[in-house]
Amino acid sequence: MTANVVEQPATSAGTETHDVLRNLYADWAQIMETTPNLTMRLFRSIFDEWHQPTVEPEGVMYREDMVGGVPGIWCLPQGADTSKVLLYTHGGGFAVGSASSHRKLAAHVAKALGSVSFVLDYRRAPEFQHPAQVDDGVAAFDALVASGIAPENITTIGDSAGGNLAIAITLALKEQGKQTPGRVIAFSPWLDMENKGETLVTNNDTDALITPELLEGMIAGVLGGTVDPRTPLANPLYGDFTGFPRLYITAGSVESLLDNATRLEERAKAAGVDVTLSIGEGQQHVYPFLAGRSALVAGELAKLAAWYAR
């Protein structure tokens, strides 16, 4: 079943709110453009600011841990059902971002859904190339199951490159003949390793962060020139979605990766997947980062919670 949900345009106050994320992206873009010798260490430090637009959620505890040999951070909302786990893979082009940069977002989602979340610090490119990131996710999933969590009570979830991983981890589990998660959630997923989406062109002037050139560098880092960009676990647009779990996708209408989300919906729908696509009008890449300061995102999380509960 497919439901296309389009957010209403923000009010003037809402515009100021989502400008917080857009302005952060614009600042990063300027730094990258004016710093030709930007080191990977500084690149990662910049993107660890990703948490700044997100308000710290109340009533949530955090705990560092290792799950399946992979480090990360547990987000533990007060009163949450600990038998239901969101396995969260952060965005950042497989190279930047971290559990720290995404813990507040993951906590907001967990709190809305009444579950707990584990945010993976998976191995990052270019030091570790595909499929290291997918392997880490599978290892964490297997460890959760071994600890007694029912596979159907695990949700793989992620944003941008992490949205890719949320899908690819599920495809990998399916390929290995294992039980898959009960649900998959992808915020603004980045899937197209061929870098040829139409909205890379049509939304180039409205996306404050993403450019084809930025993505090209990220692709080179994770695929290393040796992995075919059409490999399904690297580029899930080539994946077999037969028997795939229920899928929820969000994207912003002005972001350059919009058609990654719409193409994913089309491919999943063609395979008979129960898929929901929600597009935030006027919103930037991974607009749920505005959790806690945006009524639009609060509404989106409420819809996501209703989807999760059914």
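This is a predicted model: local features need pLDDT of at least 70, side-chain atom pairs count only at pLDDT 80 or more; totals for chains, interfaces and linings use all residues.
Figure 1. Asp 228 sits in the loop that runs between helix H7 and strand E8 (246–252). A polar atom of the Asp 228 side chain is 2.8 Å from the backbone nitrogen of Arg 230. Met 193 is 35 residues away from Asp 228 in sequence, yet the two C-alpha atoms are 8.8 Å apart in space.

**Figure 2. Salt bridge between Asp 192 and Arg 263.** The side chains of Asp 192 and Arg 263 form a salt bridge with an N to O distance of 3.1 Å. This pair connects distant parts of the chain, 71 residues apart: Asp 192 belongs to the loop between strand E7 (183–187) and helix H6 (199–202), and Arg 263 belongs to helix H8 (residues 258–270). Asp 192 counts as buried because its relative accessible area is 3%, under the 20% limit. Arg 263, at 25%, is partly exposed. The structure has 13 salt bridges in total by the rule applied here.

Figure 3. Glu 300 and Lys 303 form a salt bridge in which the closest N and O atoms are 3.7 Å apart. Both residues lie in helix H9 (residues 295–309), where a spacing of three residues places them about one turn of the helix apart. Glu 300 is buried, with a relative accessible area of 3%, whereas Lys 303 is partly exposed at 29%.

**Figure 4. Salt bridge between Arg 63 and Asp 65.** An N to O distance of 3.4 Å separates the side chains of Arg 63 and Asp 65 in their salt bridge. Arg 63 has a relative accessible area of 42% and is therefore partly exposed. Asp 65 is also partly exposed, with a relative accessibility of 27%.

**Figure 5. The largest pocket.** The largest pocket holds about 220 Å³ of space. Its lining consists of Ala 29, Met 32, Glu 33, Asn 204, Asp 207, Ala 208, Leu 209, Ile 210, Thr 211, Glu 213 and Leu 214. At least two residues of this lining come from each of helix H1 (12–34) and helix H7 (212–223). H1 provides the largest share, with three residues. Sorted by class, the lining comprises six nonpolar, two polar and three charged residues.

**Figure 6. The largest cavity.** Three cavities of 30 Å³ or more are present in the structure. The largest cavity contains about 100 Å³ of space. It is lined by 13 residues, of which Gly 93, Ser 160, Ile 210, Leu 214 and His 285 are the closest to its centre. With three residues, H7 gives the most to this lining. Nine of the lining residues are nonpolar and four are polar, while no charged residue takes part.

**Figure 7. The second largest cavity.** The second largest cavity has a volume of about 50 Å³. Phe 94, His 130, Gln 133, Val 134, Asn 164, Leu 165, Met 193, Val 222, Leu 223, Leu 233 and Ala 234 line this cavity. H4, helix H5 (161–175) and H7 are the elements that each contribute two or more residues to the lining. Eight lining residues are nonpolar, three are polar and none is charged.

**Figure 8. Helix H4 and the residue that follows.** Helix H4 covers residues 132–146, a run of 15 residues. From its first C-alpha to its last the helix reaches 21 Å, close to the 21 Å expected at 1.5 Å a residue. The buried residues of H4 are Ala 132, Gln 133, Val 134, Asp 136, Gly 137, Val 138, Ala 140, Phe 141 and Leu 144. Among them, Gln 133 and Val 134 also line the second largest cavity. Gly 148, which follows H4, has a positive phi, near 110°.

Key:
Residues are numbered from 1 along each chain as its sequence is written. Side-chain values use heavy atoms; hydrogens and water are left out. Helices (H or I, at least four residues) and strands (E, at least two) are DSSP runs, numbered from the N terminus. The expected span of a helix is 1.5 Å times one less than its number of residues. Buried means under 20% relative accessible area, exposed over 50%, partly exposed in between (1.4 Å probe, protein chains only). On a 1 Å grid over the protein atoms alone, a cavity is a set of points where a 1.4 Å probe fits but cannot get out, and a pocket is an open set with protein on both sides within 12 Å along at least five of seven lines; lining residues have an atom within 4 Å of a point. Grid points are joined across faces, edges and corners, and a volume is the space filled by probe spheres set on the points. Ala, Val, Leu, Ile, Met, Phe, Trp, Tyr, Cys and Pro count as nonpolar, Asp, Glu, Lys and Arg as charged, and the others, Gly among them, as polar. A polar contact is a pair of N or O atoms within 3.5 Å; within protein, one must be able to donate a hydrogen and the other to accept it, and residues adjacent in sequence count only if both atoms are side-chain atoms. A salt bridge is a side-chain nitrogen of Lys or Arg within 4 Å of a carboxyl oxygen of Asp or Glu.
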